[in-house]
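Subject: A structure to look through

Dear colleague,

I am passing on the structure below, together with an account of what was found in it. Please keep the picture open beside the text as you read, and look up each residue when it is named.

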Amino acid sequence: MGVRLMVVDDHRLLAEALASALKLRGHRVLAAAAPTAGVAELVVSRAPEVCLLGTAAPAEPGAFDPIVRIKRDRPQVAVVVLGPVPSPRGIAAAFAAGASGYVRHDERIEGVERAMVKARAGEAAVAPQLLQGAFTELLNPAVQPDDEGQRLLRILTPREVEVLVRVAEGEDTRLIAAGMGIAPSTARTHVQRVLMKLGVGSRLEAAALAARTGLLDRAALSGNRGGSGRGGSGRGETGGADPGRGDAPEAAAADAPGPHGR
């Protein structure tokens, strides 16, 4: 028994070609429409069994708003999304909006047909590999670099951010101290605190983490580089050592080389 359906896609030629192929396979196509802006009203008025909804950008905000409207006014209509291979979160967003299935745009007509029939029967219509990928990412979300960089900026003080930037530029403890106008022992303490907060064991690891997460770019945009110590504003910090005690040689010996050498 054929499915009573609608095909909606921003690309009219794609919608019409798919509609024609499904008609030849015995399905009743009520409409092949574009663009998707008015799809909700059209589907609500025609009330098909299945709506094939094409989208080129499943990750865009509001991409699945029409599905929410359709399911609210015509809950019996099964919506199957036709789209590119999205991020797993894109598939999850489609189902969260009320979709019954997700099929790749380049799926063979037999695959689209199977998805339609399953959706009409109330089953979830999604390829196992896409579903597995969605569950994997949702259960083990990857931290986005920008998000991680912002998190690191929040846990570091402005002075520690400057220290980290200098570490990434290859400065040793004596250069950091001279550039920030603080005692070498104080600079060494700052470096140790930065390593501890970042959860790394060396200056090289700290520099790599800062570069990988975009923290260095964020620090430059926020003006953290050089803003807290150049010109000697930090000379009165506590924790400085008496220069006569020989902190500079000790600091130099304690330092691991920076990522650019010396």
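In this predicted model, 6 strands form an open sheet in the order β2-β1-β3-β4-β5-β6, and their pairing is parallel. The edges of the sheet are β2 and β6 (125–126), each of which pairs on one side only. Inside the sheet, β1 pairs with β2 in the parallel sense over 5 bridges, and in this pair V8 stands opposite A33 in β2. β1 is also mostly covered, since 4 of its 5 residues are buried. Further along the order, β4 pairs with strand β5 (residues 101–104), again in the parallel sense and over 4 bridges, with V80 standing opposite G101 in β5.

Which residues of α1 are buried? They are A15, L18, A19 and L22. Seen down the axis of α1, the buried residues fall within an arc of 100 degrees, and therefore they line one face of the helix. Just after α1 comes G26, which takes a positive phi of about 95 degrees.

Helix α5 has 12 residues and reaches 17 Å from its first C-alpha to its last, which is close to the 16 Å expected at 1.5 Å a residue. Its buried residues are G111, V112, E113, A115, M116 and A119, and what covers them includes β1, α1, β3, β4, β5 and β6. V117 also lies in helix α5, but this residue is partly exposed, with a relative accessible area of 36%. The C-alpha atom of V117 is separated by 8.7 Å from that of V50, although the two residues are 67 residues apart along the chain. After α5 comes G122, whose phi is positive, near 90 degrees.

One loop residue also deserves a careful look. A47 is found in the loop between α2 and β3, and it has a positive phi of about 50 degrees although it is not a glycine. Is A47 buried or exposed? A47 is buried, because its relative accessible area is 18% and the cut-off for buried is under 20%.

For the protein as a whole, there are 13 helices and 6 strands, and of its 262 residues 45% count as buried. Among contacts between residues at least 6 apart in sequence, 71% join residues at least 24 apart. The protein exposes about 13500 Å², of which carbon and sulfur atoms supply 54%.

Finally, a word on confidence. The protein averages a pLDDT of 79, and 76% of the residues score at least 70. Over residues 226–262, however, the pLDDT is below 50, and this stretch has 65 contacts in the model beyond near neighbours in sequence. Where pLDDT is low, the predicted coordinates should not be read in detail.

With best wishes

Terms used. Residues are numbered from 1 along each chain as its sequence is written. This is a predicted model: local features need pLDDT of at least 70, side-chain atom pairs count only at pLDDT 80 or more; totals for chains, interfaces and linings use all residues. Side-chain values use heavy atoms; hydrogens and water are left out. Buried means under 20% relative accessible area, exposed over 50%, partly exposed in between (1.4 Å probe, protein chains only). Helices (H or I, at least four residues) and strands (E, at least two) are DSSP runs, numbered from the N terminus. The arc is that of the directions from the helix axis to the C-beta atoms. Contact means heavy atoms within 4.5 Å. Accessible areas come from the Shrake-Rupley method with a 1.4 Å probe; for residues, only the protein chains shown count as cover. pLDDT is the predictor's confidence in each residue, from 0 to 100. Two strands pair if DSSP finds at least two bridges between them. The expected span of a helix is 1.5 Å times one less than its number of residues.
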